[in-house]
Amino acid sequence: MRDLATELRDLAMGLARDAGELAERLRDEVDLVGDTKSSATDVVTAADKASEKLIIDGVLAARPDDGVLGEEGGDVDGTSGVRWLIDPIDGTTNYVYNVPAYCVSIAAELDGDVVAGVVYEPKAETMFDAVRGGGARRDGEPISVSPLTTLELALVSTGFGYRAERRAAQGEVLTQLLPEIRDIRRFGSAALDLCNVAQGSADAYYERGLNRWDFAAGWLICSEAGGVVGDLHGGPPSETFLLAANPSLFGLLGDRLRQLGADQTP
Ligand code: IPD
Ligand code: CA
């Protein structure tokens with residue numbers, strides 16, 4: 001399995017770098033923020049679609065029997081047992097505003113388990129990657145989660161859904177949590193949030209309502225860096241809820257988030 005996972009990881013790294021460079025070129029061609037909203041949306045959609053197409057074409061050229069699921073609608077049933085999960089630009093709002101924190105996220109599942117994951121940040125030209133059982137790396141160097149075990153000192157990142165009703169409820173949870181931790185960050189890219197926990201530049205991350213393509217690669221990278229990634233009830237992360245932290249903080253913050261009903265908001 002490790003050989004196959006490594007092969008999938010290597011393929012993903014090349015495609016993520018190419019897709020990131022393409023997104024950068026497309027971004028530089030237009031002033032997205034200064035543009036009117038509708039045309040800005042069109043341009044972003046075009047960049048998302050172009051990035052996803054580059055990745056899917058590359059995957060299927062190399063491995064024609066694999067399945068694919070992409071944020072922009074790419075959906076191919078495969079027969080090999082391998083399925084690719086693609087977020088062609090994670091952190092779209094940052095992309096629009098030219099805030100550097102956006103990335104390309106690619107994961108490969110084998111029979112439903114994520115075995116390889118890659119997150120590429122084009123502005124920083126930084127590549128995070130992991131193969132199941134092989135540790136996590138940033139630009140080829142091993143990374144690990146922070147050793148912090150005190151909730152009061154924890155730097156916690158989070159994100160908010162797109163619906164107003166959910167955002168209001170998420171704000172209520174945050175209002176209660178904020179006085180009990182060091183501080184909060186909202187970086188705007190779930191995949192990078194997970195990589196930040198993986199490299200110890202945040203102590204924990206939680207979010208409700210992610211899609212599998214947002215978190216699949218970062219989940220593996222964070223787990224391989226020594227983190228725990230799951231829901232609030234002993235299960236794997238899901239569309240309902242994801243919490244990532246080192247094992248001690250996962251327990252402490254998970255208990256508090258459960259008390260606050262963080263996974264019950266509308
Ligand atoms: C979003 C980002 C954001 C998170 C949202 C995601 P997108 O993905 O990861 O940080 O809070 O839940 O949908 O739309 O930028 O690909
Ligand atoms: Ca995303």
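## Domains

The domain assignment of the chain gives two parts, domain 1 (2–142) and domain 2 (151–259), and the description that follows concerns a predicted model. The centres of domain 1 and domain 2, taken over C-alpha atoms, are separated by 21 Å. Between them, 35 residues of domain 1 are in contact with 19 residues of domain 2.

An open sheet is built from eight strands in the order 2-1-3-4-5-6-7-8, and its pairing is mixed. Strand 2 (75–76) and strand 8 (141–142) form the edges, each of them pairing on one side only.

Helix 5 (residues 190–199) lies across strand 3 (82–90), strand 4 (103–110), strand 5 (113–121), strand 6 (126–131) and strand 7, and runs at about 95° to strand 5. Helix 6 (residues 212–224) lies across strand 1 (67–70) as well as strand 3, strand 4, strand 5, strand 6 and strand 7, and its angle to strand 5 is about 100°.

## How helix 5 meets helix 6

Two packed helices are described by the angle between their axes and the distance between the axes. The axes of helix 5 and helix 6 come within 8 Å and cross at roughly 5°, which means that helix 5 is roughly parallel to helix 6, since angles under 35 degrees count as such. On the helix 5 side, the contact is made by Ala190, Ala191, Leu194, Cys195, Val197 and Ala198, while helix 6 contributes Asp214, Phe215, Gly218, Trp219, Ile221 and Cys222.

Asn196 is also found in helix 5. Asn196 counts as buried because its relative accessibility is 14%, where the limit for buried is under 20%. Leaving aside neighbours within four places in sequence, Asn196 is in contact with Phe187, Ser201 and Ala202.

## Nonpolar cores

Which residues of the largest nonpolar core touch the most other members? Of its 34 residues, they are Val119, Leu194, Ile221, Cys222 and Leu242. The elements that give two or more residues to this core are strand 4, strand 5, strand 6, helix 5, helix 6 and strand 13 (242–245), and the largest share, eight residues, comes from helix 6. This core draws at least three residues from each of domain 1 (2–142) and domain 2 (151–259).

Val119 illustrates these contacts: not counting residues up to four places away in sequence, Val119 touches Cys103, Val104, Ser105, Thr126, Met127, Phe128, Ala191, Leu192, Cys195, Ala217, Gly218 and Ile221. A second, separate core holds 24 residues, among them Ile55, Val82, Val104 and Val118.

## Thr265, after helix 7

Thr265 is placed in the segment after helix 7 (247–259). Is Thr265 buried or exposed? Thr265 counts as buried because its relative accessibility is 7%, again judged against the limit of under 20%.

Although Thr265 and Gln170 are 95 residues apart in sequence, their C-alpha atoms are 6.9 Å apart in space. Gln170 is also one of the residues that Thr265 touches, together with Arg166, Ala169, Val173 and Arg208, when residues up to four places away in sequence are not counted.

Technical notes:
Residues are numbered from 1 along each chain as its sequence is written. Chains are lettered from A and ligands numbered from 1 in the order in which they are written. This is a predicted model: local features need pLDDT of at least 70, side-chain atom pairs count only at pLDDT 80 or more; totals for chains, interfaces and linings use all residues. Side-chain values use heavy atoms; hydrogens and water are left out. Two strands pair if DSSP finds at least two bridges between them. Helices (H or I, at least four residues) and strands (E, at least two) are DSSP runs, numbered from the N terminus. Contact means heavy atoms within 4.5 Å. Axes are lines fitted to C-alpha atoms, for helices over the stretch in contact, and angles run from 0 to 180 degrees between N-to-C directions. A nonpolar core is a set of buried Ala, Val, Leu, Ile, Met, Phe, Trp, Tyr and Cys residues joined through side-chain atoms within 4.5 Å. Buried means under 20% relative accessible area, exposed over 50%, partly exposed in between (1.4 Å probe, protein chains only). Domain bounds come from an automatic or database domain assignment. Angles under 35 degrees count as roughly parallel, over 145 as roughly antiparallel, 65 to 115 as roughly perpendicular and the rest as oblique.
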